[in-house]
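Please read it with the sequence and the structure in view.

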Amino acid sequence: MGWVAQRMDSIPSSQIRRVLTQIVSLGVIVTSALIIWKGVMCVTGSESPVVVVLSGSMEPGFKRGDILFLQMNKDPIRAGEIVVFNVDGREIPIVHRVITVHERHGTGEVQILTKGDSNYDDDRVLYARGQLWLEQHHIMGRAVGMACHCVPSPNDVVQRHGRPGGSASTKPDAYGNKRIAIYEVLLVAFREFLLHSFRSRSLFFL
Amino acid sequence: MHSFSYRANAVVTFAVTILAVMCGMASLSDNFNSPSPTADVKVLNINWFQKQPNGNDEVSLTLNISADLSSLFTWNTKQVFVFVAAEYGTPQNALNQVSLWDGIIQSKEHAKFWIHTTNKYRFTDQARCSMPLFASGNNLRGKDFNLTLHWHIMPKTGKMFADKIVMTGYSLPEEYR
């Protein structure tokens, strides 16, 4: 026991205190973030209250990179609602709009068909093999609001040269075009990286 | 305390907070808008009404949809998604809603519209595989149904609103044609 006390005495106590303080404050930050996240999950009733749109199937309403807020309660699903659902066998949930509802007497169980706003066909091709309808337990939440367009695409940021009525600049500026192309490549790469990192984490997914 | 990373952290945090507050206020401003939309849907013709091989009844209609939704648009509106759905009840199902047509209105100028169209999506009842064949799917003959015009306001930022106008008094013919 004596040599332990000697070892402890040789290390300056302020250094230990500093390290411990840092560890504890890091733990407090992580824990409070977890508490807030779980609290939001409890209040909204949905497993993932905030999601990022990854595909363009709901354009022009939801563009890639938009953030959606979800909520889930016991109200029956009705046509026109935008729902987030999981298909068996697919890891990434899908956000589309309900177009058809058939609700049973008594039990209240529903059969639902969905479709993305800018898709031509309904979502039967996306469901599992042999599955024609979605049911209540597939639905993770309803979209109730959206935040800003947070992960912009090259079209939003880079102004293209051009005159009304023409598709390309009349006097080609070689350096200008090359610079724009580089910006676009960088922006696309950064944006894909961001969206890919959302996709592979379990916190944000769509 | 005065390092670059500390200052950058403070600036970014403040900017994100201000952005969130502005988005919240923009969304709140939508509550002050009291919309007064009007709509009318006429069924001009029943094109055909058949029983499909899988047992379901299916009908094709020609509709005339006219609506004025310009009072729904505020400065915070990105688009209004409008769709017409047929609602009816059957012995098995308390409520069926089948979407017949939908459209996207992106600006106030296009919000007053008149369109003459056949149904974009199939108006068909649903047969349940677990029920005996003779009891399912023949449910649309002579059926009375409501046509509802739903709209879904999608804002640039904030809460989405949805509402509808119900129009009653439509019915399908008794016999196939």
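A salt bridge here is a side-chain nitrogen of Lys or Arg within 4 Å of a carboxyl oxygen of Asp or Glu. By that rule, the count between chain B and chain A is one salt bridge, in what is a predicted model. Over all chains, a search of the whole structure finds seven salt bridges.

**The salt bridge between the chains**

- The pair that crosses between chains runs from A:Asp66, in strand E2 (residues 66-71) of chain A, to B:Lys78, in strand E3 of chain B.
- The closest N and O atoms of A:Asp66 and B:Lys78 are 3.8 Å apart, and this pair counts as a salt bridge because the rule asks for a distance within 4 Å.
- Side chains of opposite charge can pair when their charged atoms come close.

**The interface of chain B and chain A**

- Chain B gives 33 residues to the contact, and chain A gives 28 residues.
- Between them, chain B and chain A bury about 2,500 Å², and 54% of this area lies on carbon and sulfur atoms.
- Across this interface, 15 residue pairs are found in polar contact, with both residues at pLDDT 80 or more.
- On the side of chain B that touches chain A, the elements that give two or more residues are strand E3 (77-88), strand E4 (93-105), strand E7 (144-155) and strand E8 (158-159) of chain B.
- Of that side of chain B, E4(B) supplies the largest share, eight residues.
- Sorted by class, the side of chain B that touches chain A holds 14 nonpolar, 14 polar and five charged residues.

**Strand pairing across the chains**

- E4(B) pairs with strand E4 (residues 94-104) of chain A in the antiparallel sense, over five bridges.
- Within E4(B), B:Leu95 is the residue that stands opposite A:Glu103.

**The two domains of chain B**

- Chain B is divided into domain 1 (1-32) and domain 2 (33-171), and the centres of these domains, taken over C-alpha atoms, are separated by 41 Å.
- Seven residues from domain 1 of chain B and ten residues from domain 2 of chain B take part in the contact.
- The two domains of chain B bury about 680 Å² between them, with 45% of it on carbon and sulfur atoms.
- In domain 1 of chain B, the residues that lose the most area to domain 2 of chain B are B:Ala26, B:Ser27 and B:Asp30, which together make up 62% of what that side buries.
- Between domain 1 and domain 2 of chain B the rule finds zero salt bridges, whereas the count of residue pairs in polar contact (both at pLDDT 80 or more) is seven.
- On the side of domain 1 of chain B that touches domain 2 of chain B, three residues are nonpolar, three are polar and one is charged.

Key
Residues numbered from 1 in each chain as written. Chains lettered and ligands numbered in written order. Predicted model: local features only at pLDDT ≥ 70, side-chain atom pairs only at ≥ 80, totals over all residues. Heavy atoms only, no water. Contact = heavy atoms within 4.5 Å. Buried area = accessible area lost by both parts, 1.4 Å probe. Polar contact = N/O pair within 3.5 Å; in protein donor to acceptor, adjacent residues only side chain to side chain. Helix = DSSP H or I, 4+ residues; strand = E, 2+ residues; numbered from the N terminus. Nonpolar A, V, L, I, M, F, W, Y, C, P; charged D, E, K, R; others polar. Pairing = 2+ DSSP bridges. Domains from an automatic or database assignment.
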